[in-house]
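Subject: Structure handover and notes

Dear colleague,

Please find the structure below, followed by notes on its side-chain interactions. Could you look through them when you have time?

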Amino acid sequence: MTTASSPTPKPLDPAVFLLAAIAAITAMRLGVAGASLLSGDEAYYWLWSRRLQLSYFDHPGMMAWGMAASNWVFGDSELAVRLPTVISGAVVSWLVFDAARTAFDDAWTGLLAALWLNATILFGAASVTATPDAPLLVFWTTALWAMIRLLKSGHPIWIYALGAALGLGFISKYTMVLIAPGVLAVFVLFPQGRVWLRSRHFYLAIALALACTAPVLLWNLMNDWMSFKKQLAHSFDTPVTSPLKSLATFLATQIGVMTPLLLGFVLWGMGWALWRGWRSKRPEWFLLGATSAPVLIFFIKHSLGGLVQPHWSGPAYLGATMAAVGGFRLAARRPWLRRLFLAAPILGGVMVVAVYVQMASAILPIPGKADPLGRLGGWDKVAEAVDAQRRLHPDAFVFVQKHELSGILSYYLPDHPKVFLTGSAGIPRIPSYDARDVDGLKGRNGLFVSRASHRGVEDAGRFFDRMTLVGSLDRAWGGRVIDHYEIWLGEGYRQGTFKELEQ
């Protein structure tokens, strides 16, 4: 008597598993994105989306254009503001998967690389907060993906995808220029790259990249190269009193945002990709190191001359994560290292979930001043207090000293009014108003909103007949006081304070 054998179960498809993971992670991020208030930077970028331009004073316009489209479809909600960012996180996850799968000829390497990236606080935060880093990471990853496919297949379509990604990345954030030396090194150092230097496709792809940068170039041409000058000064002309302290702060933040174990592996991955890629004549591996290690070194050096925000180095970890996972899976390692390899994304994932919980609820008992997420709390209450004073003084305009607060008040005040910034006549610094709006303020009263500071009140008071304190409140986060704000009534504005940038 024979018995029917049970069917052999099909092996798990890594691509299917990743799609399910991306769907679950994206759902969680949508919930977090809609549950928390905007930060000052996010609200400032929202101002850009209200008056679209080819580019902007601080950054190029890609993020503002995407935000404007989302707001047009879904309205002005926190979720709508952040929706392009959440979508960007899902796109980057898939591109990392396919790039690593192609580079190492192994779908499991691609799956693990994508999961590792999502287990970092750096990428987790970049996928729920609206900043120019979101589209930057998309096009940086697209450039790596296209370059790897070009090297592996030799099909010219990929060099055009690379050119488009480089150009579109540049009109997302200027940091995109830092990928160029690593990409060019692969073209020069490896036969698979040099063959393209003799092809018309290489130069047509460069032309495509330059064409994609046209909005930024044209805007800067029309505005005395203002944005380029600002970024260059910010990168190279910002001395600090204690360079070593600045360096130590940057390195400490990298441990925090990458999570400790994952950072150790990705640093190893940078070195492994450069060494093994060169020794094994594998340009796709070398690419991962050449577009990560030099970028991180640049920001380490930059930290000696000025403050470097933790997320600025984010693109460096894209190739490094792929290299760390792929390299470790290829290399024979001791059992204790394998255990750390498995533990690293688990620890990182737990930390990311904790950040999301705190972002959505402020439930964790972290001291207010020590909680970086405190920048998300209490803005609705500040706006309510300002709106109450606007009702008492209906002819008064609102003005502030910080561009972030300009965005916050404009977003959370019911009618989204223009909120004027001292030292600025509006465009190009603040795109929600211009010099004509400023000219109409003469003789009117103004409500000055600021963190408690006698210096700020004195500076603003020079352009008014009288300044009177009319309100004050604490900005709180999870019941913990973060800042103290004051509202001053300035009577009889005399022109001057909003035109200093033009002069």
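**Salt bridges**

Asp 224 is exposed, with a relative accessible area of 52%; buried means under 20% relative accessible area, exposed over 50% and partly exposed in between, using a 1.4 Å probe and protein chains only. The side chain of Asp 224 meets that of Lys 229 in a salt bridge, 3.2 Å from N to O. A salt bridge here is a side-chain nitrogen of Lys or Arg within 4 Å of a carboxyl oxygen of Asp or Glu. Lys 229 is partly exposed, at 47%.

Before the rest, the conventions. This is a predicted model, in which local features need pLDDT of at least 70 and side-chain atom pairs count only at pLDDT 80 or more, while totals for chains, interfaces and linings use all residues. Residues are numbered from 1 along each chain as its sequence is written, and side-chain values use heavy atoms, with hydrogens and water left out.

The structure holds 22 salt bridges. One of them joins the side chains of Arg 149 and Asp 98, at 2.8 Å from N to O. Arg 149 belongs to helix α7 (residues 133-153) and Asp 98 to helix α4 (residues 78-104), so the bridge ties together parts that are 51 residues apart in sequence. Helices (H or I, at least four residues) and strands (E, at least two) are DSSP runs, numbered from the N terminus. Asp 98 is buried, at 5% relative accessibility, whereas Arg 149 is partly exposed, at 25%.

Glu 491 and Arg 466 also meet in a salt bridge through their side chains, again with N to O given as 2.8 Å. This pair links distant parts of the chain, with Glu 491 in strand β5 (residues 480-491) and Arg 466 in strand β4 (residues 466-477), 25 residues apart. Glu 491 counts as partly exposed, at 23% relative accessibility.

A network of salt bridges links Asp 105, Lys 152, Arg 282 and Glu 284.

**Aromatic rings**

A search of the whole structure finds 41 aromatic pairs. Rings of Phe, Tyr and Trp (its six-membered ring) pair if their centres lie within 6.5 Å; planes under 30 degrees apart count as stacked, over 60 as edge-to-face and the rest as tilted. The rings of Tyr 44 and Trp 48 have centres 5.5 Å apart and planes at 75°, so they are edge-to-face. Both residues lie in helix α2 (residues 40-50), four residues apart, which is a separation of about one helical turn. Tyr 44 is buried at 1% relative accessibility, and Trp 48 is buried with a relative accessible area of 1%. Tyr 411 and Tyr 412 form an edge-to-face pair, because their planes stand at 80° with the ring centres 4.7 Å apart. Tyr 411 is buried at 5%, and Tyr 412 is buried at 16%.

One aromatic cluster is formed by Phe 104, Trp 116, Phe 265, Trp 268, Trp 272, Trp 285, Phe 328 and Phe 341. The charged end of Arg 282 sits over the ring of Trp 285, 4.1 Å from its centre. For this, NZ of Lys or CZ of Arg must be within 6 Å of the ring centre and within 35 degrees of the ring normal. Arg 475 lies over the face of Trp 379, 4.2 Å from the ring centre.

**Ser 410**

Ser 410 lies in helix α21 (residues 403-412) and is buried, at 3% relative accessibility. Leaving aside neighbours within four places in sequence, Ser 410 is in contact (heavy atoms within 4.5 Å) with Trp 46, Leu 47, His 416, Pro 417 and Val 419.

Regards
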